[in-house]
Amino acid sequence: MSAWDHYHLPGTVAEALTHLVRYGGAAKVVAGGTDLLLDLEQGHRPRVAALVDVTRIPELTKISAADGWVYVGAAVTHTAIVASPLLAERATCLVESCGVIGGPQVRNVATLGGNVAHALPAGDGTLSLVALEAEAEVAGPLGREWRPVRALYGGPGQSTLAAAEIIVQFRFRGGDLTQHEASAFRRIMRPQGVALPILGLAVWVALDGPAIRAARIALGPAGPTPMRALAAEAGLAGRALDEAALEQAIEQVWSAAQLRTSAHRATAAYRREMVAVLLRRALTLAVARARTGVAVPQGLGE
Ligand SMILES: Cc1cc2nc3c(=O)[nH]c(=O)nc-3n(C[C@H](O)[C@H](O)[C@H](O)COP(=O)(O)OP(=O)(O)OC[C@H]3O[C@@H](n4cnc5c(N)ncnc54)[C@H](O)[C@@H]3O)c2cc1C
């Protein structure tokens, strides 16, 4: 028996919403299906009356820039993100994080919107969106609105999206290398790891001469939702990234992060060590990119 009765392929957001409303909560949005179909087939979710596939809706599959904003459609695949010269420059951390998700077969179909709506605190694409301070345009029966990406997280695996809501696209400002802004993403994962990293960390920085004007640090899993290290960010502002600044930032992230031991992945102590390693690497790289104005994504998967 299939885990769903009907499969719809709407061509517009309005059509997709009509389906979702009609099923009154008994339908699910599907994009690449790499999280949802496994959950349905393995019985981790109750059977659904219908799946509403949003991957054929043109406005969900675009990457563009206008008026200082960069826009990425929710159904853009990780492969398309990695192939985008615009994102390589303006959102290097996003390219680096989406470039290590799964293998090529997963990245070819899995989407950024699915990564966010699945709501894991260490979703790789998600962490970069949080460091970029991205917003999500959410469409529902009453209209559309922009919400901070962080507001879409209610807890591990719990999205705050209502059943009849669709993420249309994401947007963020900054990441302008000519303005000495840049980002970087680093993660640690077991080689045999399937979907969940041991730790992922994304940073965004803006320089004012040799000093950091502003910094943003996102990491996970370090709590029930993707974490922003606000105290460490504030501590970096106004100073150059020397050894003392790095050590202070590491201490401040350690104080704020809720690092746990998980049965199959890592101990809390190992994660603590990795916070120091990843933060040092990502901050140093992002600052070098912002200083030189050159950002070439690194560490992408085969
Ligand atoms: C082998 C394997 C390896 C993986 N490796 C990684 C990894 O390294 N890092 C990582 O972060 N993830 C990994 N994943 C998880 C998964 O591939 C990603 O989270 C992916 O981005 C999910 O996107 P999707 O389009 O497949 O989502 P789907 O499975 O289609 O949907 C996931 C959830 O999001 C909802 N949804 C999808 N699109 C929208 C939308 N536009 N609006 C509202 N709700 C929506 C669905 O209803 C569902 O609840 C892996 C998965 C597999 C199977």
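Which residues of the largest nonpolar core touch the most other members? The legends below take up this question and several other close-up views of the predicted model.

**Figure 1. The whole chain of the predicted model.** The chain contains eleven helices and 14 strands. Its C-alpha trace spans about 60 × 45 × 35 Å along the principal axes. A compact globule of 302 residues would have a radius of gyration near 19 Å, and the chain agrees with that, at 19 Å. Buried residues make up 47% of the 302 residues of the chain. Of the contacts between residues at least 6 apart in sequence, 66% join residues at least 24 apart. The domain assignment divides the chain into domain 1 (4-53), domain 2 (58-173) and domain 3 (177-292).

**Figure 2. The largest nonpolar core.** This core has 93 residues, and those that touch the most other members are Ile81, Ala131, Val203, Val205, Leu219, Ala282 and Ala286. Helix H11 (residues 268-292) supplies the largest share of the core, ten residues. One of the residues named above, Leu219, is in contact with Leu127, Leu199, Gly200, Leu201, Met227, Ala229 and Ala257, leaving aside neighbours within four places in sequence.

**Figure 3. The cis peptide bond at proline 221.** The bond runs from glycine 220 to proline 221, and its omega is near 0°. Proline 221 sits in the loop between strand E13 (211-220) and strand E14 (227-228).

**Figure 4. The side of domain 2 that touches domain 3.** The C-alpha centres of domain 2 and domain 3 are 20 Å apart. Contacts link 21 residues of domain 2 with 25 residues of domain 3. On the domain 2 side, the elements giving two or more residues are helix H5 (92-98), helix H8 (124-131) and strand E8 (153-155). H8 gives the most, with six residues. Sorted by class, this side of domain 2 has eleven nonpolar, five polar and five charged residues.

Figure 5. Is H8 largely enclosed by the rest of the structure or exposed? Eight of its eight residues are buried, so H8 is largely enclosed by the rest of the structure. These buried residues are Asp124, Gly125, Thr126, Leu127, Ser128, Leu129, Val130 and Ala131. Ala131 is also among the core residues that touch the most other members, and Leu127 is one of the contacts of leucine 219. Glutamate 133 follows H8 and has a positive phi, near 55°, although it is not a glycine. The loop that holds glutamate 133 lies between H8 and strand E6 (135-140). Glutamate 133 is partly exposed, with 16 other C-beta atoms within 10 Å.

**Figure 6. The shell around the ligand.** The ligand is surrounded by 30 residues, of which the closest are Gly32, Gly102, Gly114, Asn115 and Ala117. Two or more residues of the shell come from each of strand E2 (27-30), helix H2 (36-41), helix H7 (112-117) and strand E10 (166-173). H7 gives the most to the shell, with four residues. By class, the shell has 17 nonpolar, ten polar and three charged residues. The ligand lies between domain 1 (4-53) and domain 2 (58-173), because both give residues to the shell.

**Figure 7. Alanine 119 in the loop between H7 and H8.** The phi of alanine 119 is near 65°, a positive value in a residue other than glycine. Is alanine 119 buried or exposed? With 22 other C-beta atoms within 10 Å, alanine 119 is buried.

**Figure 8. Threonine 61 and its contacts.** Threonine 61 is placed in the loop between strand E3 (48-53) and strand E4 (63-66). Not counting residues up to four places away in sequence, threonine 61 touches Gly73, Ala75 and Val76. Threonine 61 is partly exposed, with 18 other C-beta atoms within 10 Å. Arginine 281 is 220 residues from threonine 61 along the chain, and the C-alpha atoms of the two are separated by 32 Å.

Terms used
Residues are numbered from 1 along each chain as its sequence is written. This is a predicted model: local features need pLDDT of at least 70, side-chain atom pairs count only at pLDDT 80 or more; totals for chains, interfaces and linings use all residues. Domain bounds come from an automatic or database domain assignment. Two residues are in contact if their C-beta atoms, placed from the backbone, lie within 7 Å. Ala, Val, Leu, Ile, Met, Phe, Trp, Tyr, Cys and Pro count as nonpolar, Asp, Glu, Lys and Arg as charged, and the others, Gly among them, as polar. A residue is near a molecule or strand if its C-beta atom, placed from the backbone, lies within 6 Å of it. A nonpolar core is a set of buried Ala, Val, Leu, Ile, Met, Phe, Trp, Tyr and Cys residues joined through C-beta atoms within 7 Å. A residue is buried if 20 or more other C-beta atoms lie within 10 Å of its own, exposed if 12 or fewer, and partly exposed in between; C-beta atoms are placed from the backbone. The radius of gyration is taken over C-alpha atoms; the globule rule is 2.2 Å times the number of residues to the power 0.38.
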